Amino acid sequence: MTADLSRYRRITVKIGSALLVDRVDGLRTAWLDSLADDLAALAGNGHEVLVVSSGAIALGRTILKLPAGPLKLEETQAAAATGQIALAHAWNAALGRHAITTGQVLVTLDDTETRRRYLNARATIGALLKFGAIPVINENDTVATSEIRYGDNDRLAARVAVMMNADLLVLLSDVDGLYTAPPAHDPDATHIAHVAAVTPEIEAMAGESASETARGGMRTKIEAARIATTAGTAMVITRGTVDHPLRQLEQGSRATWFAASSAPVSAWKGWIAGKLEPRGTLTVDAGAVRALKQGKSLLPAGVKRVDGDFSRGDTVAILVDTGGEVARGLAAYDAHEARLVAGRKTPEIEAILGHPPRAAMVHRDDLVMGAAG
């Protein structure tokens with residue numbers, strides 16, 4: 001990987017709350033102006049730039065003078081409602097210094113998990129880019145509940161980057177990349193500069209967020225890397241606490257680069273792979289895993305166990321006995337039918353269901369292998 005951003009045509013930049021908002025003083029205006037300078041430089045050099053900005057809740061709770069610590073749902077939503085106005089104004093002012101128009105886009109989990117809404121959001125953001133604006137995207141925390149929300153903007157940024165076919169996703173954070181263990185707990189942890197693929201070993205290195213204003217942590221950043229790289233988008237995690245963080249990145253500041261897959265999945269499969277909330281799981285045998293690796297569909301005969309309450313077309317995770325996820329796909333059966341036919345060979349299934357069976361439990365056209373597979 002390279003720190004030369006000139007090779008990337010479309011770049012998505014994600015900013016964490018802890019960078020943008022000081023718990024006592026509120027918005028870090030000088031830092032935001034320095035980042036806006038970097039974004040304007042990219043736009044001036046012909047790059048298309050998208051921003052995924054955290055900070056609405058953190059900014060709103062400062063404006064409303066809410067106490068430290070966890071907030072009730074209605075308090076969180078009130079903070080978001082206040083903070084979103086202030087945040088949009090701040091971005092408009094910072095980029096307006098460079099005569100750049102901004103457009104605010106607020107999304108919910110359903111907007112990227114539901115295919116029709118996903119395509120509509122993509123069209124809206126694409127139109128903003130066509131008109132030369134920089135979209136500033138955030139989760140709509142004023143209406144999202146704990147059951148229907150991302151809960152972090154790392155994965156949201158990855159979904160946006162994949163949705164918009166971005167070449168690079170930059171996660172600006174309060175850490176300078178991935179370490180072999182959380183450095184706050186392990187003084188011997190070493191920095192990892194390059195990650196070729198997001199494997200279970202890489203996932204095991206992630207810790208949790210240590211910041212009150214942040215809802216992510218390294219775990220969600222690794223999940224973001226999995227979503228982005230599978231679809232062909234490279235990703236980098238770098239420290240954003242410095243002024244001009246993108247300029248610093250190009251000048252060689254420490255970072256962890258995640259390589260895009262050399263065989264990225266199609267847009268359809270990228271959407272499937274990026275879905276965050278599987279509605280169920282299918283545990284399969286070794287023969288089924290071998291078949292999946294050969295590009296074949298998952299047949300009922302290879303399924304040992306069915307868990308969850310899902311309908312045909314819902315996302316399911318495909319697991320091995322040890323619990324590791326080897327693939328993800330769209331179920332061809334409802335959960336109750338899947339349980340009836342699991343482990344059964346095709347000639348048996350029609351008699352069990354009372355109607356001709358479908359070709360597969362998960363068809364290969366609706367299935368994406370993961371790093372563990």
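The legends below describe close-up views of a predicted model.

Residues are numbered from 1 along each chain as its sequence is written, and side-chain values use heavy atoms, without hydrogens or water. In this predicted model, local features need pLDDT of at least 70 and side-chain atom pairs count only at pLDDT 80 or more, while totals for chains, interfaces and linings use all residues.

**View 1. Ser17 in helix H1 (residues 17-20).** Helices (H or I, at least four residues) and strands (E, at least two) are DSSP runs, numbered from the N terminus. Ser17 counts as buried because its relative accessibility is 10%; buried means under 20% relative accessible area, exposed over 50%, and partly exposed in between (1.4 Å probe, protein chains only). A polar atom of the Ser17 side chain lies 3.2 Å from the backbone nitrogen of Gly55.

**View 2. Helix H2 (residues 29-44).** The end C-alpha atoms of H2 are 22 Å apart, which agrees with the 22 Å that its 16 residues should span at 1.5 Å a residue. The expected span is 1.5 Å times one less than the number of residues. Among the buried residues of H2 are Trp31, Leu35, Leu39 and Leu42; the buried residues of H2 also include Ser34 and Asp38. Gly46, with a positive phi near 95°, follows H2.

**View 3. The largest cavity, with a volume of about 50 Å³.** The structure holds one cavity of 30 Å³ or more. A cavity is a set of points on a 1 Å grid over the protein atoms alone where a 1.4 Å probe fits but cannot get out, and lining residues have an atom within 4 Å of a point. Grid points are joined across faces, edges and corners, and the volume is the space filled by probe spheres set on the points. The lining includes Ser53, Gln84, Trp91, Gln104 and Asn138. Helix H4 (73-96), strand E5 (102-107) and strand E6 (134-139) each supply at least two lining residues, and H4 gives the largest share, four residues. Six lining residues are nonpolar, four are polar and none is charged.

**View 4. The largest nonpolar core, with 43 residues.** Such a core is a set of buried Ala, Val, Leu, Ile, Met, Phe, Trp, Tyr and Cys residues joined through side-chain atoms within 4.5 Å. Ile137, Val160, Leu169 and Phe258 are among the residues with the most contacts inside the core. Helix H7 (153-163) and strand E7 (168-173) are among the elements that give two or more residues to this core. H7 gives the most, with seven residues.

Terms used
Polar contact = N/O pair within 3.5 Å; in protein donor to acceptor, adjacent residues only side chain to side chain. 1 Å grid on protein atoms, 1.4 Å probe; cavity = no way out; pocket = protein on both sides within 12 Å on 5 of 7 lines; lining within 4 Å. Nonpolar A, V, L, I, M, F, W, Y, C, P; charged D, E, K, R; others polar.
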